[in-house]
Amino acid sequence: MATRDDDQAPFQQFNGAIPARIGVVQYERGGTWVIVAHGPYDLDSIGPLAQALETAAAKHPRVVVDASGVSFADSTFLNLLLATHQLTDLRLAAPTPQLRRILEITAADSLLDVRPTVEDALT
């Protein structure tokens, strides 16, 4: 079951879930909890994603973050991923080029399980 964190009209579909303009969609697939992060993430906008990841990490042994819709990410987003990685088997799927560059520069890609697609992250 997919859930949206607000009532804004969707504008694009990501991996079967329809996110809000800026927001988080969550669903279960094949025994794995998937969180679709969409929009820009910084200190002012990280709250809904942080709450979703905290809840998912407490309830699910594996969590996939579909990052294909992340339009901006700073150290706040990166720190959230690293913290969540400590709590569950976190897999980051389909990072955007900007996010992939941050992961490479900080060497976080050597700590996090980064996969090219959500399908790959589910296996």
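1. Where is Ala107 found? This residue sits in the loop that runs from H3 to strand E6 (113-115). The model is a predicted one. Ala107 has a phi near 65°, which is positive although the residue is not glycine. With 36% relative accessibility, Ala107 counts as partly exposed.

2. Ala94 also has a positive phi without being glycine, with a value near 55°. Its place is the loop between strand E5 (89-93) and helix H3 (97-106). Ala94 counts as buried because its relative accessibility of 16% is under 20%. As background to both points, a negative phi is found in most residues other than glycine.

3. On the overall fold: the protein has 4 helices and 6 strands. Along the sequence these are arranged as β-β-β-α-β-α-β-α-β-α. Among contacts between residues at least 6 apart in sequence, 57% link residues at least 24 apart.

4. On burial and surface: the protein has 123 residues, and 44% of them count as buried. Its accessible surface is about 6200 Å², with 54% of that area belonging to carbon and sulfur atoms.

5. E3 runs parallel to strand E4 (residues 62-73), and 8 bridges join the two. Within this pairing, Tyr41 stands opposite Ala73 in E4. In a regular strand, side chains alternate between the two faces of the sheet.

6. Thr88 belongs to the loop between helix H2 (75-85) and E5. Is Thr88 buried or exposed? Its relative accessibility is 9%, so Thr88 counts as buried. The side chain of Thr88 reaches the backbone oxygen of His60 at a distance of 2.9 Å. Apart from neighbours within four places in sequence, Thr88 is in contact with Ala57, His60, Pro61, Arg62 and Val63.

Key:
Residues are numbered from 1 along each chain as its sequence is written. This is a predicted model: local features need pLDDT of at least 70, side-chain atom pairs count only at pLDDT 80 or more; totals for chains, interfaces and linings use all residues. Side-chain values use heavy atoms; hydrogens and water are left out. Buried means under 20% relative accessible area, exposed over 50%, partly exposed in between (1.4 Å probe, protein chains only). Contact means heavy atoms within 4.5 Å. Accessible areas come from the Shrake-Rupley method with a 1.4 Å probe; for residues, only the protein chains shown count as cover. Two strands pair if DSSP finds at least two bridges between them. A polar contact is a pair of N or O atoms within 3.5 Å; within protein, one must be able to donate a hydrogen and the other to accept it, and residues adjacent in sequence count only if both atoms are side-chain atoms.
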